[in-house]
Amino acid sequence: MILAIALLAASGCGGGGENDGTGGSSPATLSAELRYVRDGGFAGDHDELVIAPDGRAQVTRLRGRDASFELSREEIAKVAEAVAGAKLDELDPKSTSPKPVPDAFVYTVSYRGRKVETDDAAMPDSLAPLRQQLDLLVTKHTK
């Protein structure tokens, strides 16, 4: 019994709020507008997602349905954590392949005065989770 209580205490169960990975108990948030553009692909798509710090979002699509929506607190936290993990300040602003890749997507992420452009073939590992999270939001909210 004592061992079970000690294990629960060590694992963080049995109290406290959600940890956002920053040492606090409140969910991560965006401190500025986030702009994401996905261009190219086989069909020549152009999708643009803009997320305001308060969670209001707008998707504009060349093909498909445009949408305005509000992210849940959980969605905002996931995006904010992915932005932090992307380490945009450490990335080359033009992180693209040296030679054009046919039918590849080109992605542009702009946040807090920093703009990074990349493509499918040269995507930095730190940026991939953010791209995946933002693509998920575009798909979810434009069905």
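Two strands count as paired if DSSP finds at least two bridges between them. Strands (E, at least two residues) and helices (H or I, at least four) are DSSP runs, numbered from the N terminus. With that in hand, take the hairpin: E1 and E2 form it with four residues between them, and glycine 41 in the turn has a positive phi of about 80°.

A word on the source. This is a predicted model, where local features need pLDDT of at least 70, side-chain atom pairs count only at pLDDT 80 or more, and totals for chains, interfaces and linings use all residues. Residues are numbered from 1 along each chain as its sequence is written, and side-chain values use heavy atoms, with hydrogens and water left out.

How confident is the predictor? On pLDDT, its confidence in each residue from 0 to 100, the protein chain averages 83, and 82% of the residues score at least 70. Residues 1–23 stay under 50.

Now the sheet. It's open, has seven strands in the order E4-E3-E2-E1-E6-E7-E5, and its pairing is mixed. Strand E4 (67–70) and strand E5 (94–95) sit at the edges, each pairing on one side only.

| Strands | Sense | Bridges | Example partners |
|---|---|---|---|
| E1 and E2 | antiparallel | seven | arginine 38 and aspartate 47 |
| E1 and E6 | antiparallel | seven | arginine 35 and serine 110 |
| E6 and E7 | antiparallel | six | valine 109 and valine 116 |

Strand E6 covers residues 105–111 and strand E7 residues 114–119. Helix H3 (residues 128–141) packs on the sheet, touching strands E1 (34–40), E2 (45–51), E3 (56–61), E4 and E6; contact here means heavy atoms within 4.5 Å. The direction of H3 makes about 100° with that of E2, using lines fitted to C-alpha atoms (for helices, over the stretch in contact) and N-to-C angles from 0 to 180 degrees.

Finally, the lining of the largest pocket. Helix H2 (residues 73–86) supplies its largest share, four residues. By type, the lining divides into six nonpolar, two polar and six charged residues, with Ala, Val, Leu, Ile, Met, Phe, Trp, Tyr, Cys and Pro counted as nonpolar, Asp, Glu, Lys and Arg as charged, and the others, Gly among them, as polar.

Key: pLDDT = per-residue confidence, 0-100.
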